[in-house]
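I'm opening my notebook on a structure that is new to me.

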Amino acid sequence: MERPKVAILMGSDSDMPVMGEAAKVLDDNGVAYELKILSAHRSPDDVAKFTKCARAKGFKVIIAGAGGAAHLAGVIASHTTLPVIGVPMETKELKGIDSLFSTVQMPSGVPVATVAIGKTGAKNAGILAIQILSLSDKRLEKRLTLFKKELVAAVRSKNKRP
Ligand code: RP5
């Protein structure tokens, strides 16, 4: 079986309905991934252990989703030179603004490529991961070109409806 190139990490199993959108994009495009619950606050040693070995294990991109005081993506970025994509979860109390700010406001030198709050962000995280992988993968490059054409066709078809 192919070694996973993408790690999809999330702070809690309660994030799964959202982070599943990233997994779906990777499934649809035949990209192997590993999915794991790791919490920056509840299991910090496990986060460090997984992340420090990620490049050596063959991962190319890490997607990390968390909500509230969402430090997971940032902590992961502190332990690896792999690109890290952060997905802020929508929250009941602050609608995900808390997660967004916690994920995006990284200090100079430690980037997290932060996508939109919630399911749209998780889907885009999957696409962005594929875009990164496509730099050295012609098959994925072709799929992305086709995907762009499909986006155009979908918008145009909306103008043809009676
Ligand atoms: C964060 O706290 C998780 O990423 C999740 O979005 C949020 C709530 O977690 P649970 O209390 O549902 O486990 O760390």
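Is the crossing of H5 and H6 left-handed or right-handed? I looked it up: H5 and H6 cross in a left-handed way. (A crossing is left-handed if the near helix is turned anticlockwise from the far one by less than a right angle, and right-handed if clockwise.)

Before going on, I noted that this is a predicted model, where local features need pLDDT of at least 70 and side-chain atom pairs count only at pLDDT 80 or more, while totals for chains, interfaces and linings use all residues. Residues are numbered from 1 along each chain as its sequence is written, and side-chain values use heavy atoms, with hydrogens and water left out.

**Helix pairs**

Helices here are DSSP runs (H or I, at least four residues), numbered from the N terminus. Axes are lines fitted to C-alpha atoms over the stretch in contact, and angles run from 0 to 180 degrees between N-to-C directions.

I started with H5 (residues 119–133) and H6 (residues 138–158), which pack at an angle of about 135° with axes 8 Å apart. H5 and H6 are therefore oblique to each other. (Under 35 degrees counts as roughly parallel, over 145 as roughly antiparallel, 65 to 115 as roughly perpendicular, and the rest as oblique.)

H5 also packs with H1 (residues 16–28), at about 30° and with the axes 7 Å apart. That is why I list H1 and H5 as roughly parallel. Their crossing is right-handed.

Next I took H2 (residues 44–54) and H3 (residues 72–79): the angle is about 50°, and the axes are 9 Å apart. So H2 is oblique to H3. I have this crossing down as right-handed.

**The ligand**

Which residues are around the ligand? I found Gly 11, Ser 12, Ser 14, Asp 15, Arg 42, Ala 66, Gly 67 and Met 89, each with a heavy atom within 4 Å of it. I sorted this shell into two nonpolar, four polar and two charged residues.

Then I checked polar contacts (pairs of N or O atoms within 3.5 Å). A polar side-chain atom of Ser 12 is 2.6 Å from a ligand oxygen. For the side chain of Ser 14, the distance from an N or O atom to a ligand oxygen is 2.7 Å. For the side chain of Asp 15 it is 2.6 Å. On its own the ligand has 360 Å² of accessible area, and the protein covers 65% of that (Shrake-Rupley method, 1.4 Å probe).

Technical notes: Polar contact = N/O pair within 3.5 Å; in protein donor to acceptor, adjacent residues only side chain to side chain. Nonpolar A, V, L, I, M, F, W, Y, C, P; charged D, E, K, R; others polar. Helix = DSSP H or I, 4+ residues; strand = E, 2+ residues; numbered from the N terminus.
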